[in-house]
Amino acid sequence: MALAKLAEHQGVDQAGLVQASLHYQQALRAFFRRRVAHHDVDDLVQEVLLRLHSRRGGEAVANLNSFIFQTATNVLLDRRRRDAVRHRQAHCELEPIHHPVDDLSPDRVLQAKEQASVALAALAGMPHRTRAAFMLVRFESLSYKAAAAQLGISVSAVEKHVTKALRIVTSRLQENDERQPTQAWIAR
């Protein structure tokens, strides 16, 4: 406050203004804390000090206290205008959940290829009618009724063949996982 009184009577030059502003940091923080979110306070204080420091020439400041808080008010108004133009309220903070980790690691791709080859081998080893019913329903997306009509068997027979095929493929995949316990454990 002594500097402010001194500035009122004698004026303050550029170097004196910068030095004097350092004493106003706590007051500026209190000023901004009442008006903005807590995490923005330090940025705004820094903006005020930067404006005071980069003030070029001009007249001597007659009322230092008033000048610093008028600068703070201008910084706050500029910030609000900028936020309104940029629709800052509509922004959301990006979290890691917004950027999912790519699950297609080389290990995962290799594991999927191995599982696909096991499933294809299981399909190749199935009886012809079971494999045909399964392929029509699961790969060609035919209904059980349409698959039954195409194969010339009943709908319940198609259901039984598809169930049998799923049981065979599942058991072969589980056998493969049991033979490679470390890979199955890593995948989980």
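The secondary structure of the protein comprises 10 helices and 0 strands, where helices (H or I, at least four residues) and strands (E, at least two) are DSSP runs numbered from the N terminus. The structure is a predicted model, in which local features require a pLDDT of at least 70 and side-chain atom pairs count only at pLDDT 80 or more, whereas totals for chains, interfaces and linings use all residues. Residues are numbered from 1 along each chain as its sequence is written, and side-chain values rest on heavy atoms, with hydrogens and water left out.

The average pLDDT, the predictor's confidence in each residue on a scale from 0 to 100, is 83 for the protein, and 82% of the residues score at least 70. Over residues 1–10 the pLDDT is below 50, and this stretch has 13 contacts beyond near neighbours in sequence, a contact being heavy atoms within 4.5 Å. The pLDDT also stays under 50 over residues 183–188, for which the model has 4 contacts beyond four places in sequence. Where pLDDT is low, the predicted coordinates should not be read in detail.

Of the 188 residues in the protein, 25% are buried, that is, under 20% relative accessible area, with exposed meaning over 50% and partly exposed in between (1.4 Å probe, protein chains only). The largest nonpolar core has 17 residues, of which Leu28, Phe32 and Val48 touch the most other members; such a core is a set of buried Ala, Val, Leu, Ile, Met, Phe, Trp, Tyr and Cys residues joined through side-chain atoms within 4.5 Å. Helix 3, helix 4 and helix 5 are the elements that give two or more residues to this core, and helix 4 supplies the largest share, 6 residues. A second, separate core of 15 residues includes Ala119, Leu123, Ile153 and Ala165.

In helix 3, which spans residues 25–33, Leu28, Phe31 and Phe32 are buried. These residues lie on the same side of helix 3 because they cover an arc of only 90° around the axis, the arc being that of the directions from the helix axis to the C-beta atoms. The cover over the buried residues of helix 3 includes helix 4 (41–53) and helix 5 (64–86). Leaving aside neighbours within four places in sequence, leucine 28 is in contact with Val45, Val48, Leu49, Ile68, Phe69 and Ala72.

Threonine 71 lies in helix 5 and counts as buried because its relative accessibility is 9%. Its side chain reaches the backbone oxygen of phenylalanine 67 at 2.9 Å. Apart from neighbours within four places in sequence, threonine 71 is in contact with Val48, Arg51 and Leu52.

Notes
A polar contact is a pair of N or O atoms within 3.5 Å; within protein, one must be able to donate a hydrogen and the other to accept it, and residues adjacent in sequence count only if both atoms are side-chain atoms.
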